[in-house]
Amino acid sequence: MTLEENVSLAPYSTIRLGGTARYLTKVTSENEVIEAISFAKSNNLPSIMIGGGSNSFFKDGLFEGLVLVNKIAGINISQLDQTYILSIGAGEIWDNVVLESTKQGLSGIECLSLIPGSAGGGPVQNIGAYGQEIADTFLYLEAIDKTTSKKIQIDKLSAKFSYRDSIFKHDQNRYFITKIVLGLKKSSLEPPFYNSLAEYLKINNITDYSPGSIRNAVINLRNQKLPNPKDFYNLGSFFKNPIVSEGDLKVLKNSFGDIPNWELPDGRYKLSAAWLIDKAGFRNFHDIETGMYTWKSQPLVLVNELANSVNDLLKFRDKIVLRIEQEFNITLEQEPIILA
Ligand code: NAP
């Protein structure tokens with residue numbers, strides 16, 4: 001295990017903000033994870049694991065503890081009847097996993113192309129796009145349970161996946177995910193597709209719905225609409241789409257007849273957070289006070305242009321949340337995780 005001391009954490013979040021870690025180590029195996037936990041325990045330090053930092057950020061100031069950066073690699077594909085089982089080192093870049101699976105003609109995660117971050121981060125927030133989410137193909141994961149320093153398996157039921165959520169998001173300091181296992185099929189998706197994907201396929205006369213073709217479409221769509229975190233520092237969607245009751249939707253429709261909504265299996269309705277933010281006047285809104293702005297073609301994405309600290313990001317977040325509360329009586333919920 002190689003330890004670094006007093007490390008700036010900004011490079012470890014795609015929003016490029018955050019304080020300093022007293023200790024940081026890059027782990028490449030389960031044994032190194034166990035070794036790192038043991039170091040933290042024997043020095044009475046808290047420990048936190050991160051992956052690609054595309055959906056998490058540290059607070060400002062000093063984190064008097066140990067940060068483990070997950071670099072556990074490897075993608076292994078085996079077959080059991082009609083299912084192709086992908087065993088993936090949690091430190092793999094997620095999009096490399098999608099690329100590899102679509103190269104093999106495997107369907108199940110092709111709509112999750114180009115989502116930034118590591119494979120181990122996928123189950124934490126149950127990554128989703130264009131109607132697919134990782135929960136759909138998830139079999140189980142392996143983790144080191146920090147409380148016991150032992151390796152455990154957690155299956156789909158125990159992971160308690162829901163919309164952009166899982167137990168790992170809430171108890172994310174307990175399970176250090178080392179491997180995720182997915183089950184994919186050699187097949188193709190069929191319409192109906194999500195509105196934006198369907199429109200793209202139609203405009204471009206694409207009728208090939210094979211995993212590789214859908215991956216290309218999703219990549220093109222995302223490149224058109226979303227900022228590349230390498231050039232424009234961001235954490236993807238900063239807010240979840242709110243979910244409201246039928247009664248609340250009726251009230252909203254009285255004032256906003258065109259409010260987009262989707263009925264959920266439980267009878268409630270999902271609204272578009274991007275639409276609410278746009279309607280409240282926050283599209284491509286550059287906030288001089290904080291150095292933050294909302295992305296021009298997807299205002300759900302908050303971009304760090306000239307921010308000095310996480311405090312600036314949180315101030316900008318709070319301005320948006322307040323305005324949405326005032327206009328729609330809805331409280332937006334933050335999607336990325338604040339660490340330490
Ligand atoms: P979009 O396709 O323009 O759709 C706008 C919103 O409408 C999305 O929030 C989506 O909900 C919802 N929607 C569209 N068609 C729907 C349908 N048939 N049924 C239910 N809901 C529908 O969105 P976009 O901004 O270009 O993003 C495309 C996809 O990538 C979306 O699924 C989005 O969630 C995902 N994405 C996620 C992140 C992240 O950081 N989590 C960042 C960028 C994009 P959902 O969001 O619930 O899918």
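## The interface of domain 1 and domain 3

Let's start with the area: domain 1 and domain 3 bury about 1500 Å² between them, with 68% of it on carbon and sulfur atoms. Buried area here is the accessible area (1.4 Å probe) that two parts lose on being put together, summed over both. On the domain 1 side, Ile15, Leu17 and Phe57 lose the most area to domain 3, together 46% of what that side buries.

This is a predicted model, in which local features need pLDDT of at least 70 and side-chain atom pairs count only at pLDDT 80 or more, while totals for chains, interfaces and linings use all residues. Residues are numbered from 1 along each chain as its sequence is written, and side-chain values use heavy atoms, leaving out hydrogens and water.

## Where the domains lie

The protein chain is assigned domain 1 (4-70), domain 2 (75-225) and domain 3 (233-339), with bounds from an automatic or database domain assignment. Taken over C-alpha atoms, the centres of domain 1 and domain 3 are 29 Å apart. Their contact (heavy atoms within 4.5 Å) takes 16 residues from domain 1 and 20 residues from domain 3.

## Charges and strands

How many salt bridges are there between domain 1 and domain 3? The count is zero, where a salt bridge is a side-chain nitrogen of Lys or Arg within 4 Å of a carboxyl oxygen of Asp or Glu.

As for secondary structure, strand E3 (47-50) and strand E4 (56-58) are the elements giving two or more residues to the side of domain 1 that touches domain 3. E4 gives the most to that side, with three residues. Strands are DSSP runs (E, at least two residues), numbered from the N terminus.

Terms used. Helix = DSSP H or I, 4+ residues; strand = E, 2+ residues; numbered from the N terminus.
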